[in-house]
Amino acid sequence: MDFGPDDQIDYEGPVTPYRQLAAILKARIQRGDWQPNRPIPSEARLVQEYGPARTTVRRAIAVLVEEGVLFVVPQRGTFVAASPPTPEQG
């Protein structure tokens, strides 16, 4: 199931909310909303924008870190990796 950069989380859908959010954030990166080596919005901002629990945001970020799309700098934030996967890669 594909999610676009402007999608919202569907809590009734078959895909878990954290997976949906991870796909939405990845789509936003691929669209160019956030540039490589630049921070994405804070967890609190993502909670405010998308409405999930903070743990859901953390899980979504963890998925994207594991995929190499994002990286975390302690006490600085979460940043877009230098070469995020293209749509064909992931």
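Contact here means heavy atoms within 4.5 Å, and helices (H or I, at least four residues) are DSSP runs numbered from the N terminus. The structure is a predicted model, in which local features need pLDDT of at least 70 and side-chain atom pairs count only at pLDDT 80 or more, while totals for chains, interfaces and linings use all residues. Residues are numbered from 1 along each chain as its sequence is written, and side-chain values use heavy atoms, with hydrogens and water left out.

Start with the H1 and H2 pair. Leu 21, Ile 24, Leu 25 and Arg 28 on the H1 side meet Leu 46, Glu 49 and Tyr 50 on the H2 side. Sorted by type, the residues of this contact are 5 nonpolar, no polar and 2 charged (Ala, Val, Leu, Ile, Met, Phe, Trp, Tyr, Cys and Pro count as nonpolar, Asp, Glu, Lys and Arg as charged, and the others, Gly among them, as polar). The axes of H1 (residues 17-31) and H2 (residues 43-50) come within 13 Å and cross at roughly 105 degrees (lines fitted to C-alpha atoms, for helices over the stretch in contact, with angles from 0 to 180 degrees between N-to-C directions). That makes H1 roughly perpendicular to H2, a label used for angles of 65 to 115 degrees.

Next comes the core. The largest nonpolar core holds 20 residues, and Leu 21, Leu 25, Ile 40, Leu 46, Tyr 50 and Leu 70 have the most contacts inside it. Such a core is a set of buried Ala, Val, Leu, Ile, Met, Phe, Trp, Tyr and Cys residues joined through side-chain atoms within 4.5 Å; buried means under 20% relative accessible area, with a 1.4 Å probe and protein chains only. H1, H2 and helix H3 (54-66) each supply at least two of the core residues, with H1 giving the most, at 6 residues.

Back in H1 sits Arg 28, which is buried at a relative accessible area of 12%. The Arg 28 side chain makes a polar contact of 2.8 Å with that of Asp 33 and another of 3.1 Å with that of Tyr 50 (a pair of N or O atoms within 3.5 Å, one able to donate a hydrogen and the other to accept it within protein; residues adjacent in sequence count only if both atoms are side-chain atoms).

Pro 52, in the loop between H2 and H3, also counts as buried, at 6% relative accessibility. Neighbours within four places aside, Pro 52 touches Ile 9, Tyr 11, Leu 21, Leu 46, Val 47 and Val 57.

Technical notes:
Parallel < 35°, antiparallel > 145°, perpendicular 65-115°, else oblique. Buried < 20%, exposed > 50% of the residue type's maximum accessible area, 1.4 Å probe, protein only.
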